[in-house]
Amino acid sequence: MRASSLLLGGLLVAMPSHGFLIQTFESRSGNQVQQTWRYPDRISFVLHAAGSDDLSPAQTHALIRESFQVWSDVTTARVEFVDQGTTQNSVPTQRDRRNLIYFDETGRYLDAPPETGVIAITRIQSHFATGQITDADIIFNGRDFRFSAGLFVQPGNWINLKDVAVHEIGHLLGLEHTPLDGPPHIRPTMNPFNHSDDPGEAQSLEPDDIEGISFLYPDIVYQASVGS
Ligand SMILES: [Ca+2]
Ligand SMILES: [Ca+2]
Ligand SMILES: [Zn+2]
């Protein structure tokens, strides 16, 4: 079943069946190393208590939790998160082994000059030889952007929070931008975020995203049921 659908895809459209890319780096020995979580079924995250100053803390936290769940809902991937609640004092750092979700309203931690268009950054720390991820913080640019819960288009620099959060959590998991493109409603979430799409277009995963995460963290049961 699997082989024939791949073959059909190749014959009919003559393009790769997937476009997803995984995050890699070159180790000191010159090898390409893939960034992954050693225990993808217990990746923890902690929410900065203040949330976004454009939303209530409760609204912010609910949207972030929903965004994590979009990825853990993928049945073919072994990805589960451990919700560590909120923190008042933690700030983004690669050294605390806490995966913090933070809204930077002043630009102090973003390390990006104003108006650069960066909506959010996911900073990943991984072991230099194994690629095993030890810390991943997501920092939203609350200085230059305003985050909303709504699905209606608002003038100015408003961004639907869940659209960006689902994309950034894809980076946190080890996925890079996919080159696969298409109309907004079917474009992979791991395509570079497109500011002009309607709010809500990037909240769901597309086949390429699901294939990517299932490749990185295959679910053993699923693997056994489809063979290889
Ligand atoms: Ca951290
Ligand atoms: Ca803000
Ligand atoms: Zn991105």
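What spacing do the donors of the calcium ion (ligand 1) follow along the chain? They follow T-x2-D-x1-R-x36-D-x1-D. Donors are N, O and S atoms within 2.8 Å of the metal (3.2 Å for Na, K and Ca), and sites may look incomplete because water is not among the atoms.

This is a predicted model, in which local features need pLDDT of at least 70, side-chain atom pairs count only at pLDDT 80 or more, and totals for chains, interfaces and linings use all residues. Residues are numbered from 1 along each chain as its sequence is written, chains are lettered from A and ligands numbered from 1 in the order in which they are written, and side-chain values use heavy atoms, with hydrogens and water left out.

At 2.3 to 2.7 Å, the calcium ion (ligand 1) is coordinated by Thr93 (O), Asp96 (OD), Arg98 (O), Asp135 (OD), Asp135 (OD), Asp137 (OD) and Asp137 (OD). Thr93 counts as partly exposed because its relative accessibility is 25%, and Arg98 likewise at 31%. Buried means under 20% relative accessible area, exposed over 50%, and partly exposed in between (1.4 Å probe, protein chains only).

The zinc ion (ligand 3) has His167 (NE2), His171 (NE2) and His177 (NE2) as its protein donors, 2.0 to 2.1 Å away. Their spacing along the chain is H-x3-H-x5-H. His167 and His171 both lie in helix α3, 4 residues apart, about one turn of the helix; helices (H or I, at least four residues) are DSSP runs, numbered from the N terminus. His167 is buried because its relative accessible area is 3%, and His171 is buried at 9%.

Notes: Helices (H or I, at least four residues) and strands (E, at least two) are DSSP runs, numbered from the N terminus.
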